[in-house]
Amino acid sequence: MTSLKQAVLATTALLFAQGGLAQANELRDAALETFEPVPATVPAQVDNPITPEKIELGKALFFDPRVSASGVFSCNSCHNLATGGDDNLETSIGHGWQKGPRNAPTALNAVFNRAQFWDGRAEDLKAQTKGPVQAGVEMANTPANVTQMLNSMPQYVEWFEASFPGEDDPVTFDNFAKAIEAFEATLITPAPFDAWLNGDDAALGEAEQAGLKLFMDKGCASCHNGVNVGGHDYYPFGLVEKPGADVLPEGDKGRFAVTETADDEYVFRAAPLRNIALTAPYFHSGKVWDLKTAVQIMAESQLGEEMTDEETDQIVAFLHSLTGKMPEIVYPVLPAETADTPRPSGDVLVEDGNKKDLSDQ
């Protein structure tokens, strides 16, 4: 009798396990129709072959504060790779300690976005790179001053020649942007969610899987999908219920500034959610510091849903599974200045009209 009971219990346990596995497989199949895992290799870029030399040059430029007119601000200042690829401020601090208009997006996995900036005005990372350099509120520099700085240092000239072989004049503002794009293309962060999508059942726990199911069932995934779990299209902020002015400032009309189309008022690119647990504060205004609160605001304003604490906690658990492994980055030793290197300046070297249009947010 004891042996029979043990056999029955073992069979029951097996059936439960198989049932749980079947549910997990169904959830994975549904998720794979909506999301894509991070690729194992660096994504190719249009008109910009990725090479080791170009990546190393781009890394140096990303960390070099002399790209700014003041010699204070580098790309890493607002997109700090040690703190989630952003600066963890409501809005970034730039030239002359001015505050930028919007929250700085993360540089991590930005290569997967359909376009760059909250309003999508830059088509790729090359175009995005040029904006902050010329923005009076950020680096306040000019292309001519940047290339003069680079040409003044023999080591930089050598690195550009190695990165862009065969070009008569490799030290250009366009190549500057291409090199940074090549480096940023390497900033991809595979996460537990990717392991689970690729078949590792143990990569997500029960809470994370429950949160993923809610994320899809409630409609969050209709905007936040694809490889970057967002960053692919534009939507009104306040589709069902407009948030208050503390979260959605009335003066920032989003994509309207790009298209000048009335339908694009308060329309923004859906935020990519990879590493979202590291990139507080949230939204383009940077006014919300708690991830659970951000989820509740989105549920109410975009879906018309009032989620329970348990549901919200489960979705937050899923969002934590998007926190990925950073690529190993060794801080670069930068070329030394020469007598011909432009000196730091507190002046804004661009026209005031560029202050907002070219800023990083």
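## Basis of the model

The model is predicted, and local features need pLDDT of at least 70, side-chain atom pairs count only at pLDDT 80 or more, and totals for chains, interfaces and linings use all residues. Residues are numbered from 1 along each chain as its sequence is written, and side-chain values use heavy atoms, with hydrogens and water left out.

## Overall make-up

The protein has 13 helices and two strands. Helices (H or I, at least four residues) and strands (E, at least two) are DSSP runs, numbered from the N terminus. The C-alpha trace spans about 95 × 45 × 30 Å along its principal axes.

Of the 361 residues in the protein, 51% are buried. Here, buried means under 20% relative accessible area, exposed means over 50%, and partly exposed lies in between (1.4 Å probe, protein chains only). Among contacts between residues at least 6 apart in sequence, 73% join residues at least 24 apart; a contact means heavy atoms within 4.5 Å.

## Helix 11 and helix 12

Helix 11 covers residues 291-303 and helix 12 covers residues 309-320; their axes come within 10 Å and cross at roughly 115°. That angle makes helix 11 roughly perpendicular to helix 12. Axes are lines fitted to C-alpha atoms, for helices over the stretch in contact, and angles run from 0 to 180 degrees between N-to-C directions. Angles under 35 degrees count as roughly parallel, over 145 as roughly antiparallel, 65 to 115 as roughly perpendicular and the rest as oblique.

The crossing of helix 11 and helix 12 is right-handed. A crossing is right-handed if the near helix is turned clockwise from the far one by less than a right angle, and left-handed if anticlockwise. On the side of helix 11, Leu 291, Lys 292, Val 295 and Gln 296 take part; they meet Asp 309, Thr 312, Asp 313, Ile 315, Val 316, Leu 319 and His 320 in helix 12. By class, this contact has five nonpolar, three polar and three charged residues. Ala, Val, Leu, Ile, Met, Phe, Trp, Tyr, Cys and Pro count as nonpolar, Asp, Glu, Lys and Arg as charged, and the others, Gly among them, as polar.

## Helix 4 and helix 7

The axes of helix 4 (residues 125-134) and helix 7 (residues 173-184) come within 8 Å and cross at roughly 115°. This crossing is right-handed. Residues in the contact include Leu 125, Thr 129 and Val 133 of helix 4, and Phe 173, Ala 177 and Ile 180 of helix 7. The contact of helix 4 with helix 7 divides into six nonpolar, three polar and six charged residues.

Thr 341 is found in the loop between helix 12 and helix 13 (354-357). With a relative accessible area of 4%, Thr 341 is buried. Leaving aside residues up to four places away in sequence, Thr 341 touches Met 149, Ser 152 and Met 153. Thr 341 and Asn 151 are 190 residues apart in sequence, yet 8.3 Å apart in space, C-alpha to C-alpha. A polar atom of the Thr 341 side chain lies 2.9 Å from the backbone nitrogen of Thr 338. This is a polar contact, meaning a pair of N or O atoms within 3.5 Å; within protein, one must be able to donate a hydrogen and the other to accept it, and residues adjacent in sequence count only if both atoms are side-chain atoms.

Asn 76 is found in helix 3 (residues 75-78) and is buried, at 12% relative accessibility. The side chain of Asn 76 reaches the backbone nitrogen of Leu 81 at 3.0 Å. Not counting residues up to four places away in sequence, Asn 76 touches Phe 62, Phe 63 and Leu 81.

The loop between strand 2 (267-269) and helix 11 contains Pro 281. The peptide bond from Ala 280 to Pro 281 is cis, with omega near 5°.

Asn 275 is also placed in the loop between strand 2 and helix 11. Phi of Asn 275 is near 60°, a positive value in a residue other than glycine, and Asn 275 is buried at 1% relative accessible area. Phe 283, in the loop between strand 2 and helix 11, has a positive phi of about 75° although it is not a glycine. At 12% relative accessibility, Phe 283 counts as buried.
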